Amino acid sequence: MSILPQPWRAALRRVAARLLPGSCLLCAADSAAGLLCPACAADLPRLPPALCPQCGDGTTLGERCGACLKDPPAFARTLALFRYEFPVDRLIQALKYGHQLPLAAWFGAGLARDLHAADHDLVLPLPLHPSRLRTRGFNQSLEIARPVASALGVALDPILLSRTRATPPQADLPLKERARNVRGAFACAGDLGGRRILLIDDVMTTGSTLREAARILKLHGAGTITVAVAARALRHP
Ligand SMILES: [Zn+2]
Ligand SMILES: [Zn+2]
């Protein structure tokens, strides 16, 4: 165990990353110009082929899941790059808490490869509450959304959707309480006039936060909403 306190360890990792730009973020092996070495990149946990087309959770044959049938989300489709488990969880933490912003560009480029510009009119990042934005210094979802929007040539609006209520982190709450925790936490600053929205976040676990954000977008006239996340936690793998 390291004797250094956490902020120092994080700072040292950032310095090391700058000194050694060609080393893999996960194993420190030679990664040439990339963030990960080819072996670590190939081993990242991918999603199984049979997924609910609407929320991206695992289903037996790729049919819509029970949760989407019972209480359909306002978004029509979910695209996820990776499964949210080791070591993708470490990459997300390195992005959010270790300020490894090149990871956001890397996730964004990966998502853009699986999306079609013609399907979307507007890219919106899942917003942070201003208090959390001040603490973190950046919104990881916006940093992932930027390269997606520029690769697709679709407009990005970082302020239209906002977070009006500071809520405890979803990860700290039991699954049952997550929907209530984010209820009424978002606002949309204008009428979307049927525009097709690409809503971007870093991680989707229960989907409660994205469900609530999409509900508000629909109330404000959104057309089809597609969710795209770097990583998806599967409840039914
Ligand atoms: Zn590696
Ligand atoms: Zn579903």
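Cys 65 is buried, its relative accessible area being 6% (buried is under 20% relative accessible area, exposed over 50%, partly exposed in between; 1.4 Å probe, protein chains only). The model is predicted: local features need pLDDT of at least 70, side-chain atom pairs count only at pLDDT 80 or more, and totals for chains, interfaces and linings use all residues. Residues are numbered from 1 along each chain as its sequence is written, chains are lettered from A and ligands numbered from 1 in the order in which they are written, and side-chain values use heavy atoms, with hydrogens and water left out.

**View 1. Donors of the zinc ion (ligand 2).** The SG atoms of Cys 52, Cys 55, Cys 65 and Cys 68 lie 2.3 Å from the zinc ion (donors are N, O and S atoms within 2.8 Å of the metal, 3.2 Å for Na, K and Ca; water is not among the atoms, so sites may look incomplete). The arrangement is tetrahedral because the four donor atoms subtend angles of 104 to 117° (four donors count as tetrahedral if all angles lie between 85 and 135 degrees).

**View 2. Cys 55 and Cys 65.** In sequence, the donor residues of ligand 2 are spaced C-x2-C-x9-C-x2-C. Cys 55 and Cys 65, 10 residues apart, both belong to the loop between helix 2 (38–43) and helix 3 (66–70) (helices are DSSP runs of H or I, at least four residues, numbered from the N terminus). Cys 55 counts as buried, at 6% relative accessibility.

**View 3. Donors of the zinc ion (ligand 1).** Cys 24, Cys 27, Cys 37 and Cys 40 coordinate this ion through SG at 2.3 to 2.4 Å. The site is tetrahedral, with angles of 103 to 115° among the four donor atoms. Cys 24 is buried at 4% relative accessible area, whereas Cys 27 is partly exposed at 41%.

Conventions. Tetrahedral: all angles 85-135°; square planar, octahedral: opposite > 155°, others 65-115°. Helix = DSSP H or I, 4+ residues; strand = E, 2+ residues; numbered from the N terminus.
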